[in-house]
Structures are given as C-alpha cells and as structure tokens.
Amino acid sequence: RYGRINQDQLTDILITDPNVHHQEISGLEKGIEYEFRVAGVNNVGPGQETIKYYLTPEGVPTDAPKNITWRFQTPDVVEIVYDAPPEHARNGQITKYEIQFWKGADPNQKKLRQTTEQKTVFANLDDNTEYKFSVRANTRKGYGPWSTQQSFRTDRNIVRAPLNVKAMATSDSGVQVWWEAVPLRSKVIGYEVFYSMTAVEDLDQWQRKTVGLTTSIDLVNLERHAQYSVAVAARTIDDTL
C-alpha cells in the first residue's frame, strides 16, 4: 500500500507470486513525501506492515502560471490574479511566485515582486499609461518560465484621491475622518473610505464604508485603543473608484 503521508486512503497493490520481491510504481508527484507499507499475506490474512517514507525529487516548473487576470481596485491600484502552473508541469511544491511589472515605455525599469499568494497588487500608477507584467512560479529547485506578457492602460483622466485626509479619535472605539472634496463634482458621486489596522497595498483586505457627496464620516465600533490606517477614494458616475 502507498500514498501521500497523512492521506486517508492508500492505494493497494496485491502481489500474488510469492517469489516476487519488488514492485515498480510510476506516476508519483515530484516533491511529495510518500509512505509505503509492505506486509506478507497468508491464508489467515495480512501480517504486520513495514513502513518506509520517501520524498520524491523536485525540479523547476516547466510551465508558467495560468488564468492570469487583472482588475483595478481604484484607478491607480491594480490587482493581478493567477493560478499555479498545471499540475503535471509543477515538478514539485510551488513555494512562491515572482511578478515583473513595468511601464510599457520603460522596459528597463522593471519592478520585481515576490509573494506566496496567488494575487499581488501594485499601487500609485500614473494616468494614461500602459503597464506590462508577467508571472513565474518557483519550487525549492528554482523558477520556471515567465508567462506571456500582458498589458493594460490606466484611464486618461484618473480621478485622484481626495487631499488632506485627516482622522481624529472621538472615543476609545470611534474615529472621525474628513477630507477635501474632489473638484470634479459632475463626475464624482460619492466616496469610499477604507480603514485597516494593517496598511497593505491590497485594498480588498481593508474594511470599507461608502458615503455620498460628503467630506466626513464617523467610524464606530472599532477595536478599542487600536491604531488604524485610513484612505479615501472618490466614486465616479460609472461606479468605479
């Protein structure tokens, strides 16, 4: 019997010839620790098992991450999402991903980002600018090939974030936030207020409140005596941030 360590169900192999003392097993995944159990069988049934463990050798991935997509969290923040390479091409356990990201007009100034997540976020993008990116996966043996380059362009007239965002505690679990109104009132229909105890680039990990055409909000029921980061984005008539 054999299978991955800690796997509930093992694969059984019955050898009926008592003179055969070996068995070839194919199709094992690379970089996986397996357990092998061997026991003699007589008319009564199987005897005590001998157990051996084996870690299959790894290689670098032979294919790039798949199903790569992107979307704007706000007009100047982009989220890139991807799946691991196909299982047959991983050649081990994927330990991290590397993303290269650059302006289309400046390919010599590439940003490199490493992450264990199947998503990464780039912020502070320029308006009306083409950006390009590609992704590759890593095992303990090294990196695989880069994915095909993908590109997107930011909006020509990005509605920038409100200026002079300020916050003041109003109680041990409440904060008032205020900001300057964005001038493009014909295009702006409200604001999105983000707040988090951990200031990460990925705005999906922040809590948020949606308000109309106002320049302040009271955040209540926060963690008592905790420190929060706050950001504000304008919401436009086409329902984008």
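The dialogue below concerns salt bridges.

Mentor: Please note that this is a predicted model, in which local features need pLDDT of at least 70, side-chain atom pairs count only at pLDDT 80 or more, and totals for chains, interfaces and linings use all residues. Residues are numbered from 1 along each chain as its sequence is written, and side-chain values use heavy atoms, with hydrogens and water left out.

Trainee: What is a salt bridge, and how many salt bridges does the structure hold?

Mentor: A salt bridge is a side-chain nitrogen of Lys or Arg within 4 Å of a carboxyl oxygen of Asp or Glu. The structure holds 17 of them.

Trainee: Which residue meets R37 in a salt bridge?

Mentor: The partner of R37 is E49, at 3.0 Å from N to O. R37 lies in strand β2 (residues 33-38), and E49 in the loop between β2 and β3 (50-55), twelve residues apart; strands (E, at least two residues) are DSSP runs, numbered from the N terminus.

Trainee: Is E79 buried or exposed?

Mentor: Buried means under 20% relative accessible area, exposed over 50%, and partly exposed in between (1.4 Å probe, protein chains only). E79 is buried, at 7%. Its salt-bridge partner R71, with closest N and O atoms 3.1 Å apart, is partly exposed at 36%.

Trainee: Which salt bridge joins R71 to D204?

Mentor: Their side chains meet at 2.6 Å, N to O. D204 lies in the loop between β14 (188-196) and β15 (207-211) and R71 in strand β4 (residues 66-74), so the pair ties together parts 133 residues apart in sequence. R71, E79, K119, D202 and D204 form a network of salt bridges.

Definitions and conventions
Helices (H or I, at least four residues) and strands (E, at least two) are DSSP runs, numbered from the N terminus.
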